[in-house]
Amino acid sequence: MSEEDARPTGSGSGRPGINVRQLWTGGAATALVALLIALVGLVIARGVLRIPVLGPSRYGTLGDVSTLWMCLLAAVAALLATGLMHLLLLSTPRPTTFFGWIVALATIAVAVRPFTTTATLETQIATCVLNVLIGLAIGTLISGVAASAARRP
């Protein structure tokens with residue numbers, strides 16, 4: 001990334017400038033946090049609470065390949081949220097308000113999805129709680145990163 005990428009953009013347009021490097025490094029850190037929330041949540045659910053999230057308990061505390069996929073999807077969701085925030089910062093009035101609504105609705109959609117499966121109620125609830133925690137972390141961390149990366153001209 002060049003030095004120019006780290007400088008705020010949007011100066012002179014009345015829109016906030018964006019420190020792109022700060023926004024995306026914060027997004028990468030958020031991706032790592034989301035991945036770790038998924039991993040720790042699955043270990044707690046499967047290993048401590050003995051709730052078979054993402055597969056039968058015969059796969060052990062870390063589960064099977066589904067665990068890896070959930071962790072990676074959490075990280076990808078954080079990077080997508082960073083891209084969304086970047087786009088909103090460049091193009092919309094009150095970008096954090098729109099971002100909050102979008103992330104909240106996406107989190108709700110992902111959180112209620114387990115209740116459409118035939119899994120046990122405890123598995124559905126554990127998966128729902130884990131999805132909500134990941135969504136909250138992504139939403140709050142990216143909003144905070146954006147507030148730091150956006151500078152008024």
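Read along the sequence, the protein chain runs α-β-α-α-α-α-β, with 5 helices and 2 strands in total. Helices (H or I, at least four residues) and strands (E, at least two) are DSSP runs, numbered from the N terminus. This is a predicted model, where local features need pLDDT of at least 70, side-chain atom pairs count only at pLDDT 80 or more, and totals for chains, interfaces and linings use all residues. Residues are numbered from 1 along each chain as its sequence is written, and side-chain values use heavy atoms, leaving out hydrogens and water.

The protein chain has an accessible surface of about 8700 Å², by the Shrake-Rupley method with a 1.4 Å probe, where for residues only the protein chains shown count as cover. Carbon and sulfur atoms hold 71% of that surface.

A nonpolar patch of about 990 Å² includes Trp 101, Phe 115 and Leu 136. Helix H5 (121–149) and helix H4 (95–112) each give two or more residues, and H5 gives the most, with 5 residues. Trp 101 lies in helix H4.

| Residue | Relative accessible area | Class |
|---|---|---|
| Trp 101 | 57% | exposed |
| Cys 71 | 6% | buried |
| Cys 128 | 16% | buried |

The whole structure has 0 disulfides (pairs of cysteine sulfur atoms within 2.5 Å).

Technical notes. Patches are made of residues with over 30% relative accessible area and no salt bridge: like charges are joined within 9 Å, nonpolar side chains (Val, Leu, Ile, Met, Phe, Trp, Tyr) within 5 Å. A salt bridge is a side-chain nitrogen of Lys or Arg within 4 Å of a carboxyl oxygen of Asp or Glu. Buried means under 20% relative accessible area, exposed over 50%, partly exposed in between (1.4 Å probe, protein chains only).
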